[in-house]
Amino acid sequence: MATNKQTLFVLSLVIFWYSSNIGVLLLNKFLLSNYGFRFPIFLTMCHMSACAILSYFSIVVFKVVPLQMLKSRSQFLKISTLSLVFCGSVVGGNVSLRYLAVSFNQAVGATTPFFTALFAYLMTLKREAWVTYAALIPVVAGVVIASGGEPDFHLFGFIMCISATAARAFKSVLQGILLSSEGEKLNSMNLLLYMSPIAVLALLPVALIMEPNVWDVTIALGRDHRFMWLLLLLNSVMAYSANLLNFLVTKHTSALTLQVLGNAKGAVAVVISILLFRNPVTVIGIGGYTITVLGVIAYGETKRRYR
């Protein structure tokens with residue numbers, strides 16, 4: 001009976017995790033491309049604001065996870081550095097959604113393991129077995145094929161998407177280096193608690209300079225579309241819940257299960273986005289994405305075996 005309850009609990013977590021991750025991705029695309037809200041930096045700032053506020057309530061008030069205090073100025077500076085890289089990756093991803101279909105965005109994002117392996121080698125000289133690196137060839141080849149078969153390919157959008165993917169990988173490697181000592185390690189929820197306010201402070205002046213008419217347009221859209229503010233609020237809350245649920249799924253499942261679920265999540269997001277946005281796809285594009293996903297699966301398996 002206890003096993004059944006645990007299984008049902010984990011299954012519920014996975015469903016909510018999928019819903020929040022895919023939901024925030026699709027809402028980002030809808031707001032930035034279909035709704036006339038063309039402010040990816042401000043949108044990212046809204047996400048970070050929600051993460052800052054909800055992290056505080058989750059950890060400090062409701063004690064979902066124990067609060068980990070910062071212990072030194074050095075630790076704060078390291079977290080600030082991670083926050084800026086994190087900002088860059090999220091902004092880049094949101095900017096790319098203005099120009100690229102969600103399906104192609106996900107195909108490019110699936111190359112994260114390639115950049116992680118690259119940065120791990122360049123920054124830490126950490127080497128994997130040759131067969132592990134060989135598994136990365138289809139990861140890159142699949143995106144090259146998908147790019148050639150993408151009907152709505154946009155060069156600037158592609159550059160922003162690949163930059164966001166590289167920044168995400170860079171942040172994970174950098175995090176392993178900067179917060180490597182036991183005294184400075186933070187779980188992902190506490191890290192988000194400290195990174196989010198820093199991200200808001202960094203993004204505010206950038207948004208005001210690069211998106212100067214954001215307030216006027218947002219207020220105008222709020223008048224014309226009665227659900228505008230609700231969508232923006234829902235989108236921001238889902239951005240936080242995606243992080244919270246990712247933490248909980250990681251806590252209650254194995255690394256292998258998480259990897260399989262992560263790969264499947266990307267495929268589900270692609271299918272739903274095609275059904276919702278009706279963006280044109282080609283057999284070459286689908287084939288390229290499939291090759292990339294299979295490469296990611298092979299990479300994860302070889303890394304696990306030859307660790």
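Helices (H or I, at least four residues) and strands (E, at least two) are taken here as DSSP runs, numbered from the N terminus. Under this scheme asparagine 94 falls within helix 3 (residues 73-99). The structure is a predicted model, in which local features need pLDDT of at least 70 and side-chain atom pairs count only at pLDDT 80 or more, while totals for chains, interfaces and linings use all residues. Residues are numbered from 1 along each chain as its sequence is written, and side-chain values use heavy atoms, with hydrogens and water left out.

The protein chain averages a pLDDT (the predictor's confidence in each residue, from 0 to 100) of 92, and 98% of the residues score at least 70. Confidence is highest in helix 2 (residues 40-61), at a mean of 97, and lowest in helix 12 (residues 255-277), at 86.

Two individual residues come next. Asparagine 94 counts as buried because its relative accessibility is 4%; buried means under 20% relative accessible area, exposed over 50% and partly exposed in between, with a 1.4 Å probe and protein chains only. Leaving aside residues up to four places away in sequence, asparagine 94 touches (heavy atoms within 4.5 Å) Asn28, Leu32, Pro40, Leu43, Thr44 and His47. Methionine 45, in helix 2, is buried too, at 8% relative accessibility. With the sequence neighbours up to four places away again not counted, methionine 45 touches Val200, Leu203 and Leu204. Methionine 45 and leucine 8 are 37 residues apart in sequence, and their C-alpha atoms are 35 Å apart in space.

Helix 3 packs with helix 8 (residues 155-178) at about 160 degrees, the axes being 8 Å apart; axes are lines fitted to C-alpha atoms, for helices over the stretch in contact, and angles run from 0 to 180 degrees between N-to-C directions. The two helices are therefore roughly antiparallel (angles over 145 degrees; under 35 is roughly parallel, 65 to 115 roughly perpendicular and the rest oblique). The contact of helix 3 with helix 8 comprises twelve nonpolar, seven polar and three charged residues, where Ala, Val, Leu, Ile, Met, Phe, Trp, Tyr, Cys and Pro count as nonpolar, Asp, Glu, Lys and Arg as charged, and the others, Gly among them, as polar.

Helix 7 (residues 136-148) and helix 13 (residues 283-305) pack at about 165 degrees, with axes 7 Å apart, which makes helix 7 roughly antiparallel to helix 13. Their contact has eleven nonpolar, five polar and no charged residues.
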